[in-house]
Amino acid sequence: QVQLVESGGGLVQAGGSLRLSCAASGRTVSTSNMAWFRQAPGKEREFVAAIMWTWSTSYADSVKGRFTISRDNAKNTVYLQMNSLKPEDTAVYYCAGGRGTVRPREGVDGYDSWGQGTQVTVSS
């Protein structure tokens, strides 16, 4: 059984930083595509960042230069380092996993495992 558990969300002032973690069981992150999505109130779930089986990474334009996705194979954990946070980054952040592919996948259809989400709130 695949289980993804996010942690690290919370309250932060604009310009601050947070590090989200996604601990995986039942799936090996080093051979999978792993990603972060987010959903703000009244908005659709949107792609944030992904790291592929090949180590290739992909980022949404809105977070390029500010967010970094990484993984620790020994801990079977994926991270999202978020710097220079803005109020518009406020959302529930979800970890997702899927079959490893050579090209980045940025749509929700590319992932078959999802975490429960962790709230990130950025104040002005």
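How many residues lie between S4 and S5 in their hairpin, and which residue in the turn has a positive phi? There are six residues between the two strands, and Gly-42 in the turn is the one with a positive phi, of about 80°. Before going further, some housekeeping: this is a predicted model, in which local features need pLDDT of at least 70 and side-chain atom pairs count only at pLDDT 80 or more, while totals for chains, interfaces and linings use all residues. Residues are numbered from 1 along each chain as its sequence is written, and side-chain values use heavy atoms, with hydrogens and water left out.

Strands here are DSSP runs of E of at least two residues, numbered from the N terminus (helices would be H or I runs of at least four). Two strands count as paired if DSSP finds at least two bridges between them. S4 covers residues 32-39, and its antiparallel pairing with S5 has five bridges. S5 itself spans residues 46-51, and five of its six residues are buried. Buried means under 20% relative accessible area, exposed means over 50%, and partly exposed is in between, using a 1.4 Å probe and protein chains only.

Follow the chain on from S5 and you meet another hairpin. S6 (residues 57-59) runs antiparallel to S5, and three bridges join the two. Here Ala-50 has Ser-58 of S6 as its bridge partner. Five residues separate S5 from S6, and Trp-55 sits in that loop. Trp-55 has a positive phi of about 80° although it is not a glycine.

Now for the open sheet. Four strands make it up, in the order S1-S3-S8-S7, and the pairing is antiparallel. S1 (3-7) and S7 (67-72) are the edge strands, each pairing on one side only. From one strand to the next, the twist averages 15°; the axes behind such angles are lines fitted to C-alpha atoms (for helices, over the stretch in contact), and angles run from 0 to 180 degrees between N-to-C directions. As a reminder, strands of a sheet pair through backbone hydrogen bonds, either parallel or antiparallel.

S3 (residues 18-25) and S8 (residues 77-82) are antiparallel, with six bridges between them. Leu-18 stands opposite Met-82 in S8, and Ala-23 is bridged to Thr-77 of S8. S7 and S8 also pair in the antiparallel sense over six bridges, and there Thr-77 is the bridge partner of Asp-72. Why is S8 described as largely enclosed by the rest of the structure? Because five of its six residues are buried.

S7 and S8 form a hairpin too, with four residues between them. Asn-76 lies in that loop, and its phi is near 50°, a positive value in a residue other than glycine. Asn-76 counts as buried, at 16% relative accessibility.

Ser-113 lies in S10 (residues 113-114) and is buried, with a relative accessible area of 7%. What does its side chain touch? A polar contact of 3.2 Å joins it to the side chain of Arg-27, and another, of 3.3 Å, goes to the side chain of Asp-112. (A polar contact is a pair of N or O atoms within 3.5 Å; within protein, one must be able to donate a hydrogen and the other to accept it, and residues adjacent in sequence count only if both atoms are side-chain atoms.) Arg-27 belongs to the loop between S3 and S4 and is buried at 15%. The side chain of Arg-27 also reaches the backbone oxygen of Gly-98, at 3.2 Å.

Arg-103, by contrast, is exposed, with 66% relative accessibility. You'll find Arg-103 in the loop between S9 (91-99) and S10. Its C-alpha lies 9.2 Å from that of Thr-57, although the two residues are 46 apart in sequence.
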